[in-house]
Amino acid sequence: MRYSGWKVITEGLLGNTGWGRAWRDPAPKAEYDAIVIGGGGHGLATAYYLAKNHGLTNIAVLEKGYLGSGNIGRNTTIVRANYFLPGNSEFYSHSLKLWEKLEGELNYNVMHSQRGHIILFHSDGQRDAAVRRGNAIVNQGDDAELLSVAQLKEMLPYLDYNQTRFPIYGGLIQRRAGTARHDAVAWGYARAADRLGVDLIQNCEVTGIDTVDGKVIGVQTKRGAIRAKKVGMVVAGRSSQVAAMAGMRLPIESHVLQAFVTEGLKPVIDHVVSYGMGHFYISQSDKGGLVFGGDIDMYSSYASRGNLPMVEHVMEAGMTLMPMLARARVLRSWGGIMDMTPDGSPIIDKTHIDGLFVDAGWNYGGFKAAPASGWCMAHLMATGQSHEVARRFRLDRFRTGHVMDEEGTGSQHNLH
Ligand SMILES: Cc1cc2nc3c(=O)[nH]c(=O)nc-3n(C[C@H](O)[C@H](O)[C@H](O)COP(=O)(O)OP(=O)(O)OC[C@H]3O[C@@H](n4cnc5c(N)ncnc54)[C@H](O)[C@@H]3O)c2cc1C
């Protein structure tokens, strides 16, 4: 069934009785050409592009819970392509271009909204860094613009510009950046993959990876063994655990990242705004809630909820930047498990086991990456070669020293 304005009108007139299920609920087959472990944004996108770009249709996505139950449905939905380092910048640029056509491609409203993302800066040094970043983004072919305080005051009148500690010196805007509805991205990819014949198998936790003579031959699941010559591990915060099933130790730590949403308010924040002096970012959802977050909880954990010190830190940063926040009531908060790499950049690579591939290390920035990650992981699984925009996301860079330290903090995430 194709979704369209016409379909909405006719279904409205007919009592909405003609809508079918968005995707099938198949039982697992004994064997597939390829298996993708993980039904998050990246896993579903990988399966979709395997089918769409490479013609593989005998594929299964194995998800331990329900589709979209992981970070894809828990993030603060920021989509941008303002990365600095070669390797990252062309990858995220590719991703943003995919975002711009995603709704038409998937025939699904993912509510992609290019409302602009502004990073504030608060010192001369930060301004210099913002100018360098802006030039790198423009050289990459994407948009970036420096904003003066006067321009900012017009666009964001609610900020406290004269805080004694961190006065605002200006901002760097990417106008094509913005937000999208997070779980709709999972649903859109799921529905589109299903229509191409991909089996989406929920409540099917992978418990083991079977190998013979250095080659993958399938997986063990809570619903039985399934054979496949190609297996992709696309499980975000659980990457270390799943890779351990194949005897691998990944350079990844899992940490919780929390997010918060207020009660619905009238439109007040038109952009995505990031504080340059504290880890704080905020936007307003189409329902009116102010959606915001900050840094990871600094200890490793697999619990999908966070602790109070980070709640206090985020609220303090928010109040410093925009005191009006004091009048909003926080409705809920939640957490997701982040797959943090030592250099803050991801991994899309083969492993030492023939036919076993890994897509991981998305840190807290993997939502915006989902389209390009799926595109490049599908390319790798289908052709055995890295896609050109993901060629630096190598697993062995941590051994060879070719790290991509986008944050400039080395392995010390607590320094950003
Ligand atoms: C609070 C928060 C805010 C964030 N904000 C942003 C943001 O603004 N912008 C941005 O770009 N990114 C953001 N992120 C990061 C982003 O959400 C993640 O990097 C991204 O969603 C990870 O990829 P995924 O969607 O595939 O992960 P997930 O949705 O977590 O998918 C992985 C799936 O694997 C499944 N799985 C795990 N183990 C197994 C197993 N053994 N067998 C079968 N299935 C298994 C899980 O159940 C899960 O569904 C944020 C994350 C959080 C938590």
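The model is predicted, so local features need pLDDT of at least 70 and side-chain atom pairs count only at pLDDT 80 or more, while totals for chains, interfaces and linings use all residues. Residues are numbered from 1 along each chain as its sequence is written, and side-chain values use heavy atoms, with hydrogens and water left out.

Let's begin inside. A nonpolar core is a set of buried Ala, Val, Leu, Ile, Met, Phe, Trp, Tyr and Cys residues joined through side-chain atoms within 4.5 Å. Buried means under 20% relative accessible area, with exposed over 50% and partly exposed in between, using a 1.4 Å probe and protein chains only. The largest nonpolar core has 53 residues, and F91, W99, Y189 and I348 touch the most other members. Elements giving two or more residues to this core include β1 (31-37), α3 (88-106) and α6 (182-195); helices (H or I, at least four residues) and strands (E, at least two) are DSSP runs numbered from the N terminus. Apart from this core lies another, of 28 residues, among them I201, V206, V219 and I353.

Now for two single residues. D199 is found in strand β8 (residues 199-201), and because its relative accessibility is 7%, D199 counts as buried. The side chains of D199 and Y32 are joined by a polar contact of 2.7 Å. A polar contact is a pair of N or O atoms within 3.5 Å; within protein, one must be able to donate a hydrogen and the other to accept it, and residues adjacent in sequence count only if both atoms are side-chain atoms.

E406 sits in the segment after α10 (397-400) and is buried too, with a relative accessible area of 13%. Its side chain makes a polar contact of 3.4 Å with that of R133. Leaving aside neighbours within four places in sequence, E406 is also in contact (heavy atoms within 4.5 Å) with residues including Y83, N88 and D343.
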